[in-house]
Amino acid sequence: MSAGGDGNSAYGRKSFRRSKSHFADRITADGRDGWPVAAARYRLVVSRACPWASRAVISRRLLGLDAALSLAIADPIQDDRSWRFTLDPDGRDPVLGIRYLSEAYDKRETGYPGGVSVPAIVDVPTGQLVTNDYQQITLDFATQWTSLHREGAPDLYPERLRDEVDEVMANVYEDVNNGVYRAGFATGQAEYEAACSDVFRRLELLTPRLARQRYLVGDTITEADIRLFTTLVRFDAVYHGHFKCNRWKLTENQVLWAYARDLFQTPGFGDTVDFDHIKRHYHQVHTGINPTRIVPLGPDLSGWLTPHHREELGGRPFGDGTPPGPVRPGEEVPAAGRP
């Protein structure tokens with residue numbers, strides 16, 4: 001999720017097109033791009049409001065990388081200079097010493113013309129951005145950072161299932177992850193209707209699949225589940241109303257609602273979700289869509305903690321591994337953001 005460029009008021013007033021990640025260096029076991037995997041060298045910058053960043057937060061926690069990769073959480077209310085660290089004392093990230101994420105971008109490339117997006121990984125010694133490639137970061141967490149995984153970490157991108165995982169993720173990305181944005185930021189009726197139809201067509205195709213199996217691919221949680229979850233968990237709170245994806249609510253689809261609750265109640269998922277950040281970001285930043293900046297009181301979030309009965313389908317959330325341990329001190333979701 002990016003900021004900057006034409007400013008927040010442009011949302012919903014110009015045709016939407018998601019740009020590719022400009023900084024696509026990879027942090028790998030062999031350091032082929034000059035960035036080797038190393039404990040305590042890098043800092044992951046996220047917003048809890050952003051579904052793309054939330055993928056990285058969930059993956060980091062499931063794999064136990066929280067001990068090796070520190071986390072910076074940006075204010076959900078960005079300004080036209082981008083994501084800012086106003087949640088921290090003195091408005092500076094305590095590790096990087098910067099007020100805006102754009103400062104790390106500037107250290108990497110002066111005068112970079114694009115938006116400033118999260119997730120972003122910053123090299124702590126130099127203070128410069130390494131990558132903002134939201135599609136690749138979590139895949140590398142699963143496959144390149146293995147030396148730093150916790151004992152019992154799940155295999156989120158199993159080699160034998162990668163073709164199927166990739167196919168599912170590609171369809172979910174186009175129609176659901178990105179589809180809600182194409183609908184929400186549409187500037188014409190036909191553009192909106194096409195995007196909104198894609199969203200619900202794909203969700204309706206996924207419903208029978210998830211009616212017969214607990215997870216999207218195989219019998220354990222994979223990267224595909226993480227990517228679908230980060231959209232579903234925001235669906236009723238912001239996409240249904242704010243982005244006009246309102247043919248039905250998630251809570252009205254018995255299968256997808258149970259699937260989303262199952263994941264939410266799995267350690268590593270719901271304990272990273274901050275509904276307060278999500279609601280305030282979308283409704284207060286996207287002033288081209290919501291010029292009053294009023295944040296709705298609803299929806300009722302208590303249902304996220306109700307029984308889902310998905311365990312009756314079998315499946316093992318972490319495969320041969322184990323759940324992650326408690327959330328690290330300082331990374332807890334504040335009470336205001338929880339159901």
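Helices here are DSSP runs of H or I with at least four residues, strands are E runs of at least two, and both are numbered from the N terminus. With that in hand, let's walk through this predicted model.

**The sheet**

Start with the four-stranded sheet: it is open, its pairing is mixed, and the strands come in the order β3-β2-β5-β6. At the edges stand β3 (70-73) and β6 (128-131); each has a single partner strand, so one side of each is left without a neighbour in the sheet. On average, neighbouring strands of this sheet are turned by 35 degrees against each other, direction ignored.

As background, strands of a sheet pair through backbone hydrogen bonds, and they can do so parallel or antiparallel. Take the β3 end of the order. Strand β2 (residues 42-46) runs parallel to β3, and four bridges join the two. Here Arg43 sits opposite Ser70 in β3. The link between these strands involves a helix: β2, α1 (residues 51-63) and β3 together make a β-α-β unit, and a right-handed one.

Now for the β6 end. β5 (residues 120-123) pairs with β6 in the antiparallel sense, over three bridges. In this pair, Ile121 faces Thr131 of β6.

Pro119 belongs to the loop between β4 (116-117) and β5. Another cis bond runs from Gly298 to Pro299, and its omega is near 0 degrees. Pro299 lies in the segment after α9 (275-285).

Then there are positive phi values in residues other than glycine. Asp90 has one, near 65 degrees, and His309 has one of about 65 degrees. Asp90 is in the loop between β3 and α2 (102-108), while His309 is found in the segment after α9.

Are these two buried or exposed? Asp90 has a relative accessible area of 68%, so Asp90 is exposed, given that the cut-off for exposed is over 50%. His309, at 47% relative accessibility, counts as partly exposed, because that label covers values between under 20% (buried) and over 50% (exposed).

Here are the two residues side by side:

| Residue | Phi | Relative accessible area |
|---|---|---|
| Asp90 | near 65 degrees | 68%, exposed |
| His309 | about 65 degrees | 47%, partly exposed |

Methods. Residues numbered from 1 in each chain as written. Predicted model: local features only at pLDDT ≥ 70, side-chain atom pairs only at ≥ 80, totals over all residues. Heavy atoms only, no water. Pairing = 2+ DSSP bridges. Axes fitted to C-alpha atoms, helices over the stretch in contact; angles between N-to-C directions. Buried < 20%, exposed > 50% of the residue type's maximum accessible area, 1.4 Å probe, protein only. Right-handed = clockwise from strand over helix to strand, strands pointing away.
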